[in-house]
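I kept this notebook open while I went through the structure, and I wrote down each thing as I looked it up.

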Amino acid sequence: MKSSSLSLSQNLFADDEEGDEQLLFSDAQDDSDDDPQVQTKAPWKVLVVDDDSDVHQITRLTLRAFSFEGRGLELHSVYSGEDARKTLSGEHNFAVVLLDVVMESDDAGLQVVNYIRNELKDHNIRIIIRTGQPGLAPADKVYIEYDINDYIAKTELTANKLSWAVLGALRSYRDIVAAQELQLQLHQAEQDRHTAQAASKAKSQFLAHMSHEIRTPLNGVIGMLELLNQTELNEEQSYLTGIIDKSAHSLLNVVNDILDFKKIEAGKLALDEIRFSPQEMIDDARATFYASVHKNKQTLKTHISDNIPAFLIGDEIRIKQILINLIGNAIKFTPENGVISVDLDGYTEPHSQRYFFEMTVSDTGIGITEEQIQNLFSPFSQADTSTTREFGGTGLGLDISRQLAEMMGGGIKLTSKVGEGSTFSVSLKLGVEAHDSDLQNLSVDRSDISTSSLNILVAEDDPTNQKVIRAMLTRLGHEVEIVDTGAMVEGALQKQTFDLVMMDYHMPEMDGIEATKLLRSKEQYQDLQVVALTAATSTEERDNCLSAGMNDFLSKPYTLDALSKVLAKAMNK
């Protein structure tokens, strides 16, 4: 027989000897003035399951002013295990269930526990058993056999014990939900990371494909133009081919800027550490802009300080890229009869093998305002929109130069005055060896390089590029045999002896990588020189070439000079 609600109420509201356990409200009046402070947060939802209406009333009175973390309680009352299951099947956001055991059956409450844990698979809800007949459901048995969180005999229940039980349950529920939310956030972050990686990979593949698709026809245009310019042309023809050549190289610069920007953005741009001559670098830059300076009636001055060693160690290609970009901008924004000055200086850091290298490019051009300088090194930015319309460009060059300089331990500074000109100062940390004479001895002696007539096999699928490479190699005095795919290389080698093989990276049926791997798997081709012809610019694809067994690579579009140097390097190893 169930205990009366009177005994429960006597325990809940009984005073102890010191008056510590008193009724939370001194009278039973339901005055609005006695309502607890209005809560600003959503209340905790608690389901009270008991077949005694007095228990529900007493529970509401006891927990009326309860608050945890600024949130009150929202009590829902049901009077049987069956009603509890119906309520729980429709709502899954209860934090606590205050559950009687003996209701429509002796184990009705325990059936609700099994329903919550086993059918709903809800292990978040905190379940507090409150029973007036502990003999029918002993605490030790219930704790062992049922997944509950607390067990209280109604005969021992006080207001404080009930509040403490609910408080402990809510703390546990809060921690479980927080842990689950954190787990969801971590899972979402992992999914986002995988999605970002997949997107980055897809973007890289797209850029590599676009690079190949753009550079391949550009190789035909630039290569044929170079060959055409070496023929006898009249003044008008020279003028027209000059325009075509300039347009082709402008397009190539746009492609290079975009690819470099994306590589830097993705953190995939690797820097080389090679020995180079600052004097040769500045001479090459001067030669690059000779025609532009002459045409614009400008003056290009260059000066190298005596502090500069004969050789430094760093990524010559990227350093030259920064220098070329700054000189190109200076020429672009300097009017006729203007002056562009390039100065190289630096010093060795004390007690270090690092060299503090400085490049300064000054001009007497249009200058830049302070406001325009703020955004000048941002991607896709130029001084203003009129600059883009008048002078062109992607607006990526300076941002790429800045990021390259920072990757080399330095940076770029700009001072400028409108109408008087600008000065860009680049600082880089490079390597230097103790004795320049040692570097001089280790440098390549070009006088020993021989590129006498070679018999060269070329694997290239693009008809235009076949014509370009044949014409260039013939111009250099070599014999040429061309096949359309990597699958035909071995057959050609079996019919004839070749000094060197040049293979396109991307070809149908069998690409240059697979063809090279096949050759390297056979003893008779171990020492054969293989050079990749690639429109790819990524470090990954270049590494693939070397890993497959290729000796070197030549990037499209290539020039006669670049082709000649690669051949010389390959045949003198």
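Predicted model: local features only at pLDDT ≥ 70, side-chain atom pairs only at ≥ 80, totals over all residues.

Entry 1: I began with Tyr347, which counts as partly exposed because its relative accessibility is 42%. The structure holds four aromatic pairs. In the pair of Tyr347 and Phe356, the rings are stacked, at 5.0 Å centre to centre with 25° between the planes.

**Entry 2: around Trp44.** Which residue forms an edge-to-face pair with Trp44? I found Tyr173, at 6.3 Å centre to centre and with 85° between the planes. The two come from distant parts of the chain, 129 residues apart: Trp44 is in strand E1 (residues 44-49) and Tyr173 in helix H6 (residues 159-229). Both Trp44 and Tyr173 are buried. Phe68 joins them, as ring pairs link Trp44, Phe68 and Tyr173 into a cluster. I also looked for charges over rings. The charged end of Arg71 sits over the ring of Trp44, 3.7 Å from the ring centre. Lys45 lies over the face of Phe94, 5.0 Å from the centre of that ring.

**Entry 3: two annotated aspartates.** I checked the record next. UniProt, in an unreviewed entry, places "modified residue: 4-aspartylphosphate" at Asp100 and Asp504. Asp100 is in the loop between strand E3 (96-99) and helix H4 (108-119). With a relative accessible area of 2%, Asp100 is buried. Asp504 lies in strand E15 (residues 500-504). Is Asp504 buried or exposed? Its relative accessible area is 1%, so I noted Asp504 as buried. Leaving aside residues up to four places away in sequence, Asp504 touches His212, Ala459, Glu460, Asp461, Gly512, Leu533 and Lys556.

**Entry 4: from Lys556 to Pro557.** The bond from Lys556 to Pro557 is cis, with omega near -5°. Most peptide bonds are trans, so I gave this its own entry. Pro557 is in the loop between strand E17 (552-555) and helix H19 (560-571).

**Entry 5: positive phi.** I looked up backbone angles too. Glu509 has a phi near 70°, a positive value, and is not a glycine. Glu509 is in the loop between E15 and helix H17 (512-520), and it counts as exposed because its relative accessibility is 73%. Lys121, also not a glycine, has a positive phi of about 55°. Lys121 belongs to the loop between H4 and strand E4 (126-131). At 60% relative accessibility, Lys121 is exposed.

**Entry 6: Glu119.** Staying with H4, I looked at Glu119, which is found in that helix. Glu119 is exposed because its relative accessible area is 60%. How many residues separate Glu119 and Ser89 in sequence? I counted 30, and their C-alpha atoms are 9.6 Å apart in space.

**Entry 7: an enclosed helix.** Helix H13 (residues 397-407) has eight of its 11 residues buried, so it is largely enclosed by the rest of the structure. Among the buried ones I listed Leu398, Ile400, Gln403 and Leu404. After H13 comes Gly409, with a positive phi near 80°.

Entry 8: The chain has 19 helices and 17 strands. Of its 573 residues, 42% count as buried. Among contacts with a separation of 6 or more, 71% are between residues 24 or more positions apart. The accessible surface comes to about 30300 Å², and 50% of it belongs to carbon and sulfur atoms.

For confidence, I noted that the pLDDT averages 82 and that 84% of the residues score at least 70. Among the elements, E3 has the highest mean pLDDT (97), while helix H14 (residues 436-442) has the lowest (39). The pLDDT is below 50 over residues 12-38, a stretch with 30 contacts in the model beyond near neighbours in sequence. Over residues 435-450 it is also below 50, and that stretch has 15 such contacts.

Notes. Residues numbered from 1 in each chain as written. Heavy atoms only, no water. Phe/Tyr/Trp six-rings, centres within 6.5 Å; stacked < 30°, edge-to-face > 60°. Helix = DSSP H or I, 4+ residues; strand = E, 2+ residues; numbered from the N terminus. Buried < 20%, exposed > 50% of the residue type's maximum accessible area, 1.4 Å probe, protein only. Lys NZ or Arg CZ within 6 Å of the ring centre and 35° of its normal. UniProt positions renumbered as here; feature names shortened; annotations may be inferred. Contact = heavy atoms within 4.5 Å. Areas by Shrake-Rupley, 256 points an atom, 1.4 Å probe, with all protein chains shown as cover. pLDDT = per-residue confidence, 0-100.
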